[in-house]
Amino acid sequence: MGAVPSTPRNGGAARPPRETAERLIGTLVGEKSFPLGSDFWRKLLELPLDLRWPAQRVNQACELLAQNNCYTRHLAKILIHLAWCLEERTSTSGVTSSVSLKATNALFISSVFLKHLIENAKSDNLEELCLSLDESEPIPLQFTGDQNIESLVMHSVLSFIGSVDVSPSTYRLHQELLRFMLAAMSTQLLAGPSPGSKDANPFIDAAMAQEKSLVSLVVQRLLLNYMIWPRVPFGGASHPTSDDSQAGVLQRVGSAAANIVLFPFSYLVPSRDEVPRSPLAQCSLLVLLVLIHYRKCLLVDESITDRSDDSATTDTLSKENTYLCDNPYCKALENARDVEFDRSVDVEGNAFDGPLVRIPFASLFDTLGMCLADETAVLLLYSLVQGNSGFLEYVLVRTDIDTLLMPILETLYNASRRSSNHIYMLLIILLILSQDSSFNASIHKLILPSVSWYQERRLHQTSLGSLMVIILIRTVKYNLSKLRDVYLHTNCLATLANMAPHCHRLSAYASERLISLFDMLSRKYNKLAEQRDGKILTNKGNLQEEEGLTEDMSTEFYIYTDFLRIVLEILNEILTYALPRNPEVVYAIMHRQEVFQPFKNHPRFNELLENIYTVLDFFNSRMDAQRVDGEWSVEKVLQVIINNCRSWRGEGMKMFTQLRFTYEQESQSEEFFIPYVWRLVLPRCGFSFDPSAITLFPVDLSGELPRESNTEDANKPQVGELKVNVIDLEP
């Protein structure tokens, strides 16, 4: 490795610390294999140095280890020593700084080499890792030859995380453990977006195989880390030190962004989005998201791969004869319960099986409310409200629901600065919440004195429900002009439809925006109708071309037909179930009644317009019968509407089946979520990964980390396209 000797030098006086470190690291990556019980490992892990190596020398060291590891098995051996150090630290009460120092050094060294081997792997089953010992290797008593190394390591790592509290003396070790887990689980980046039976993920598979009790402890600890936001201990040497106060091999000197001893990682690198104030909180959330969204694919019958029929491709066999294993971390999160309530059954009366994660829902609710500008927090909130009925119930009964809704609505307001998947997640959360009638009623009772971030006009004393209507309609308009994504339209309109029967004193601006939405969609509908008819006339006589054009243009045409019908049904539900409480909606319809005229006799819309014209006829007649002094003003018209709302009995109104949209996650949602999680992890994890090695999702090989852009092409089929939207209409 450059000038670093690859073998120990014999004899001589005591060497300076730097020379000793270079000699030991050179030995680690060299050709000579040291037994698991050799004193070399103790010397390596007890290095009390703060040296730095440039990136080039680190890469040289990694390449040398990659060349020699299959013979020396030094990666496997340092991982075993890491497991032993963690087991000793976990089982020992009090501060054992020397053991913590060795564990931290082992973590860092193994993380660097492990990540290099993973991103440069050539074989499909990661043979380069060599996670086993040679049969001729002398084995110490505390290790059995048939012991699975990745299982041993992950059990020790997870046991420490779940059992040892975060304190100033353990903070750095906790953080390095989480970084190590992210590096070890990065094998997912080498797989395709759809889990396959041949995917090699030894460390995350080992994590999935742990006992339920340990899984629950880990999920609980990761959530608590995220809620508590442990701070970096005060002072420069914040990681464990030896008894004589000598700095350890990973000590940072200077600012948090400074290069680290020996290897070029900076573990406190901020992401390009807003992040929690605690790096440990951010790391905990990233690890949790990777764990809960992982899915392992297995063959139903292993013998299927032995078939000699060449016509049966591997892809065909894997798709037709595989299944996805249950994820214990996902189950643990879904069954998490509030510490304030000691219930042994869920909200549906089903008994829980196994240990439960118990966390303070109040703290989690408040933390999420503060962090929703960050996409990782949004994904956690989605995972909770979609999968955990207890947390969803807790959110719905909170009287300060604006804690969550205001940052969600503000983020949607700034949609142009967010990724399309970020917008999708937020809209799905709103759709899930809108499935509850009490939520739809409560948001109209909460009055906002002002909305400082809304720039188009001053919103004063506006209800949270009115603001939600305004932002959803604004999102539809933004999508129509920029993203042009059908799923986004559908989610927005479905949420508005769920809210419609419960609208209460919808503001004048929200009411006007609602009619404006119909006008905008109707103009788009008319334009599509003209284009379709014009193309058909132009190509008349060419039957084949005519049929193709008709089919292509009809798809979008019928989509907007459905959108218009949904908006009309939203207006119908407000007028049918909540007219006396919404005079501003009546005023907006009367003020823009001409926009409905072209569709009055349209076969697809006329029945939905009958109720609107019944309302118009009623209030227009009252206006005609009303005598006023001077000219009509907005205030006078509105007062007439308010007065006549009291006498409104709904006579002549046709009753339609009330719309109710629900959200369901697709059965193959992992094809979206696994790539999506790693897109979020990479800019935030603190280490780089070779872009050319990533096959989980498309990557810009210029080295830029994957970031979605909100362009007109954002809805084209791609790995990151949201495919989990299923809106069920229940008549």
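Let's start inside: the lining of the largest cavity is made up of seven nonpolar, five polar and three charged residues. Here Ala, Val, Leu, Ile, Met, Phe, Trp, Tyr, Cys and Pro count as nonpolar, Asp, Glu, Lys and Arg as charged, and the others, Gly among them, as polar. A cavity is a set of points on a 1 Å grid over the protein atoms alone where a 1.4 Å probe fits but cannot get out, and lining residues have an atom within 4 Å of a point. This is a predicted model, where local features need pLDDT of at least 70, side-chain atom pairs count only at pLDDT 80 or more, and totals for chains, interfaces and linings use all residues. Residues are numbered from 1 along each chain as its sequence is written, and side-chain values use heavy atoms, with hydrogens and water left out.

That largest cavity holds about 110 Å³ of space. Of its 15 lining residues, P195, D199, N201, Y294 and R295 are the closest to its centre.

Now for the second largest cavity, with about 70 Å³ of space. Its lining includes L608, F656, T657 and Q658, but the largest share, five residues, comes from helix α22 (residues 543–577). Three of the lining residues are nonpolar, four polar and two charged.

What about disulfides, meaning pairs of cysteine sulfur atoms within 2.5 Å? A search of the whole structure turns up zero. Take C325: the closest cysteine sulfur, in C297, is 8.2 Å from its own, so that's too far for a bond. C325 is partly exposed, with a relative accessible area of 22%, while C62 is buried at 4%. Buried means under 20%, exposed over 50% and partly exposed in between, using a 1.4 Å probe and protein chains only.

Notes:
On a 1 Å grid over the protein atoms alone, a cavity is a set of points where a 1.4 Å probe fits but cannot get out, and a pocket is an open set with protein on both sides within 12 Å along at least five of seven lines; lining residues have an atom within 4 Å of a point. Grid points are joined across faces, edges and corners, and a volume is the space filled by probe spheres set on the points. Helices (H or I, at least four residues) and strands (E, at least two) are DSSP runs, numbered from the N terminus. A disulfide is a pair of cysteine sulfur atoms within 2.5 Å.
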